[in-house]
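Dear colleague,

Please find below the structure that I am handing over to you. My notes on its charged residues follow it.

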Amino acid sequence: MGTSLEKGRNYNKIKLNKKLMTNFFEIDSVAIVWASEIEWKIWNTLLENLKFFEWEKYWVNPKWGEYNWIIFYKSIKDLPVVVDVLVFAIPARFVLDSLIEAWEKWVKRVIVISAWFKEVWNIDLENKLIEVAKKYDIELLWPNCLWYVDTSKNLNLSFWAKTINACVWKDCQNIAMVSQSWAMAVALTDWAASRKMWFSKMISMWNKAWINENDLLLELENDDETKVVSLYLESIENGEDFYKISKRVSKKKPLILVKSGVSERWSVAASSHTWALASQKEVLEAAFKNAWIHFTQSLENFFLWSQIFSKTDLEKVPEELVIITNAWWPWVMATDHTENYWVKLSEFDNKEKEILKEWLPGAASVANPIDIIWDATSKTYAQILNNLSKIVKKRAILIMLTAQSITDVENIANVIIDFKISNPDEFIMVSFMGWEWVEKGREILSSAWILEYDYPKKAIRAFSRLTIQKKWQEKEIEKELNFKLPWNIDDLKSKLKDETKFCSSDLTADILDAFNVNNKRDYLAESESDVEKIYSNFKSWVVVARINSVDIPHKSDVWGVILNIKSLEEAKQAYKTILENVSKNEPKAVIKWVTFSEMIFRKDNTQDIFVWLKRDESFWNLLIVWMWWIYVNVLEDVSRRIWLVSKDEIKVMLSELKAYPILKWVRGQIGIDFDKLVDLIFNLQFIFNELTDIEEIDINPIFSDEEESVIVDAKFYL
């Protein structure tokens with residue numbers, strides 16, 4: 001250990017593969033290519049939608065002339081100005097020439113609504129579009145795009161007018177919706193309109209030929225009109241960038257994501273016994289969690305979360321919740337939901353209970369949830385809300401109601417609205433449970449922009465998202481990850497080029513030593529005479545022997561491990577026995593070496609920790625930590641992260657394990673030294689980051705106790 005180190009490197013920078021858009025949303029002039037006067041054609045819909053755009057607009061059609069006082073220009077080059085954006089709604093065969101014509105006209109942004117490209121296997125034409133866009137530095141959106149809508153400017157670049165126009169003319173909210181699916185974009189917009197929820201921007205993308213979700217996220221990050229970003233994605237381009245950008249953007253504004261296709265098993269090297277811990281679903285969920293993305297596969301959650309983030313000032317959201325109800329069983333169910341979604345219920349001291357109890361029926365309970373009993377009317381609800389307002393400490397309030405024969409639902413709705421007007425800083429959610437009897441009350445609440453839900457579970461689930469987002473935005477920014485590289489890093493990289501399948505034990509030990517990772521070095525023997533030379537190296541007289549073959553990743557499966565070797569004679573015999581066992585159990589394996597190393601003895605409190613790092617083209621890097629060895633898939637006790645991660649985050653990973661109490665302390669047993677284990681895992685990830693020929697690192701296991709953490713067996717797959 002203790003090799004000298006040289007100048008370090010910063011690992012926090014986002015590396016992007018192409019030039020990004022610059023102020024794409026600043027659009028003051030648009031031209032449609034082609035527009036049409038024929039009403040039943042989509043080109044006419046584009047023309048009609050653009051009428052309401054408040055800035056410069058132009059129409060291009062080879063059959064130039066006038067239509068209803070609109071001038072059609074014959075070609076792009078005939079336009080009187082250089083527009084900010086050209087919209088192509090032309091047959092695919094004309095798009096390439098039109099793109100070149102756009103460059104000749106100095107236009108730098110093009111939205112291609114035209115279809116019949118990659119989606120119908122016309123890949124060559126799409127690739128030519130990308131080449132032209134790169135060559136002439138044109139910001140090319142897609143093709144095969146449904147719409148681009150900016151409601152702040154009444155800019156509706158779409159041929160889908162049915163659900164869009166309603167959104168364009170309403171006072172919009174502040175949600176930007178990006179959808180990779182046409183069908184989902186239409187369905188999401190229509191559903192949102194039915195809930196009186198409008199989008200500030202609507203952007204559909206399909207082929208993602210050039211501009212993708214990463215570019216859009218960077219644009220939306222600093223867009224003042226966007227408070228919430230909601231995405232529906234079927235694929236993710238450049239997962240490393242997506243992860244880093246999302247993590248930064250989510251610090252400023254909530255990111256809500258519906259991602260389809262997460263159930264497929266991602267391809268993992270068959271050589272690793274940990275493949276089942278790294279399915280695509282687990283990797284994606286780890287990435288989204290680490291980036292503080294609000295990930296869901298429920299469209300209901302998509303809307304609930306978008307809505308609550310849109311209508312809420314996070315700074316005014318209390319961490320604790322008070323529930324008011326007029327029925328017992330909803331009281332019990334709501335309490336269960338708070339526990340399931342990690343929502344903290346407030347507790348009241350005796351003085352606060354006295355305040356809450358004022359003028360309430362004697363049978364009412366002012367524990368939390370507060371039960372104002374079944375015969376509560378608008379007068380009772382007004383009283384408990386007034387009592388709550390007298391308490392200094394503010395809590396979020398969930399007001400529940402089930403309609404009884406004497407329940408004046410509409411009056412109660414108006415009481416809640418009046419209370420909110422008088423107490424604008426109070427955070428209020430309402431759940432009027434039921435349908436026909438409470439529908440009018442819910443409409444009254446919704447029209448007053450009160451957060452209302454048909455069932456309390458939805459309200460509590462949405463509120464939990466607020467607390468998660470607030471925790472992230474208030475969390476101290478992680479310190480920069482700096483690591484000093486080994487002085488011999490270039491030599492290590494060169495030696496890896498000569499390896500096949502997986503790294504030799506000797507080079508593995510050299511790499512671990514160079515990166516200051518505690519391990520026990522293996523010595524390679526090709527003959528019994530080598531065993532004699534090796535044996536003199538050991539300070540301890542207890543040795544372990546293992547087979548070393550690129551064809552045998554799991555040594556014990558072929559009886560290729562012998563423990564407790566206590567003499568030179570036993571070492572020689574172990575050498576012969578291992579070769580015989582392997583030849584018998586794996587006759588096709590190429591066998592060159594048997595390795596010998598000093599045996600590490602377990603203490604009573606020694607714990608086995610397993611670490612696995614995997615490089616993947618989707619999200620680039622995955623770190624998994626677990627215990628229980630072969631039983632991990634049964635116990636599902638695993639913590640996952642997208643690396644690189646800080647030492648503090650590694651500590652959080654360990655604390656997430658169900659076995660954490662065992663690592664820390666249990667029934668008088670001494671806990672492990674967490675700092676040494678964390679340092680070891682922290683350094684391991686930089687091996688992977690720097691030596692990119694390594695595809696997978698399998699540490700199986702680390703022995704950890706109160707004095708040290710040391711790697712017993714490490715495999716570097718290439």
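**Charged side chains: pairs and a patch**

At 35% relative accessibility, Asp28 counts as partly exposed, since buried means under 20% relative accessible area, exposed over 50%, and partly exposed in between (1.4 Å probe, protein chains only). The areas come from the Shrake-Rupley method with a 1.4 Å probe, and for residues only the protein chains shown count as cover.

This is a predicted model, in which local features need pLDDT of at least 70 and side-chain atom pairs count only at pLDDT 80 or more, while totals for chains, interfaces and linings use all residues. Residues are numbered from 1 along each chain as its sequence is written, and side-chain values use heavy atoms, with hydrogens and water left out.

Side chains of opposite charge can pair when their charged atoms come close. A search of the whole structure finds 29 salt bridges, each being a side-chain nitrogen of Lys or Arg within 4 Å of a carboxyl oxygen of Asp or Glu.

Asp28 takes part in one of them, with Lys153, at 3.4 Å from N to O. This pair links distant parts of the chain, 125 residues apart: Lys153 lies in the loop between β9 (147-150) and β10 (155-158), and Asp28 in the loop between β1 (5-10) and β2 (29-33). Helices (H or I, at least four residues) and strands (E, at least two) are DSSP runs, numbered from the N terminus. Lys153 has a relative accessible area of 12% and is therefore buried.

Another salt bridge joins Glu656 and Lys289, whose closest N and O atoms are 3.6 Å apart. Here helix α21 (residues 647-656), which holds Glu656, is linked to helix α8 (residues 280-290), which holds Lys289, across 367 residues. Glu656 is partly exposed at 32% relative accessibility, whereas Lys289 is exposed at 52%.

A further pair is Arg395 with Glu320, at 3.8 Å between the closest N and O atoms. Arg395 is in the loop between α12 (378-389) and β19 (396-402), and Glu320 is in strand β16, 75 residues apart. Both Arg395 and Glu320 are buried. Salt bridges that share partners also join Lys289, Lys475, Arg641, Glu649 and Glu656 into one network.

Finally, Asp313, Glu315, Glu319 and Glu474 gather in a patch of negative charge on the surface. Such a patch is made of residues with over 30% relative accessible area and no salt bridge, like charges being joined within 9 Å. Glu315 sits in the loop between α9 (299-310) and β16 (320-325), and its relative accessibility of 70% makes it exposed.

With kind regards

Note on methods: Patch = residues over 30% accessible without salt bridge, like charges linked within 9 Å, V, L, I, M, F, W, Y side chains within 5 Å. Lys, Arg positive; Asp, Glu negative; His and termini not counted. Charge placed at Lys NZ, Arg CZ, Asp CG, Glu CD.
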